[in-house]
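User: I've got a model open and would like to walk through a few spots in it. Can we take them one at a time?

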Amino acid sequence: QVQPVESGGGLVQPGGSLRLSCASSGDTFVGYAVGWFRQAPGKEREFVAARRWSGGGTTYYADSVKGRFSMSKDTATRTVNLQMDGLTPEDTAVYYCAAGRPIISTITTVRGYNIWGQGTQVTVSS
């Protein structure tokens with residue numbers, strides 16, 4: 001089965017950008033939805049962005065990142081990317097890539113995913 005592995009986290013100044021990548025160390029993401037979630041210290045894990053790997057379906061974004069983050073897939077490298085622009089300290093969190101087969105009503109929720117990566121730290125600070 002799929003096993004997401006995140007990369008690309010790091011320290012960035014406010015207003016800066018980072019690109020996270022999510023690759024599967026197992027099966028490809030075909031047939032799955034791939035979601036990005038984040039968890040800050042003391043807070044619940046929250047939805048960031050998600051899309052199904054296959055098809056031309058909708059990419060979903062949390063209101064907090066809409067217009068700043070962009071999710072895409074690279075079929076050549078079989079990875080999912082999250083381009084994060086205009087980062088603020090409030091974006092500081094561990095970012096997780098997850099895979100699952102959610103119905104539409106759960107594609108933007110934690111419960112829609114059952115396979116999780118280990119996370120990559122994103123710190124936005126001056």
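User: Which strand is Arg38 found in?

Analyst: Quick note before we start: this is a predicted model, where local features need pLDDT of at least 70, side-chain atom pairs count only at pLDDT 80 or more, and totals for chains, interfaces and linings use all residues. Residues are numbered from 1 along each chain as its sequence is written, and side-chain values use heavy atoms, with hydrogens and water left out. Strands here are DSSP runs (E, at least two residues), numbered from the N terminus. On that basis, Arg38 is found in strand S4.

User: Is Arg38 buried or exposed?

Analyst: The cut-offs are relative accessible area under 20% for buried, over 50% for exposed, and partly exposed in between, with a 1.4 Å probe and protein chains only. Arg38 comes in at 5% relative accessibility, so Arg38 counts as buried.

User: Which side chain makes a polar contact of 2.9 Å with the side chain of Arg38?

Analyst: A polar contact is a pair of N or O atoms within 3.5 Å; within protein, one must be able to donate a hydrogen and the other to accept it, and residues adjacent in sequence count only if both atoms are side-chain atoms. The Arg38 side chain has such a contact with the side chain of Asp91, at 2.8 Å. The 2.9 Å contact is with the side chain of Tyr95.

User: Over how many bridges do S4 and S9 pair?

Analyst: Two strands pair if DSSP finds at least two bridges between them. S4 covers residues 33-39, and its pairing with S9 is antiparallel. Phe37 stands opposite Tyr96 in S9. The S4 and S9 bridges number 7.

User: Which residue in S11 stands opposite Ala93?

Analyst: S9 also pairs with strand S11 (residues 120-124), in the antiparallel sense over 3 bridges. The residue in S11 opposite Ala93 is Val122.

User: And which residue in S10 stands opposite Ala99?

Analyst: S10 (residues 115-116) runs antiparallel to S9, and 2 bridges join them. Ala99 stands opposite Ile115.

User: How many residues of S9 are buried?

Analyst: S9 spans residues 93-100 and is mostly covered. Of its 8 residues, the buried ones number 7.

User: What separates the C-alpha atoms of Gly26 and Thr88?

Analyst: Gly26 sits in the loop between strand S3 (18-24) and S4, and counts as partly exposed because its relative accessibility is 44%. Thr88 is 62 residues apart from Gly26 along the chain. Their C-alpha atoms are separated by 33 Å.

Terms used
Helix = DSSP H or I, 4+ residues; strand = E, 2+ residues; numbered from the N terminus.
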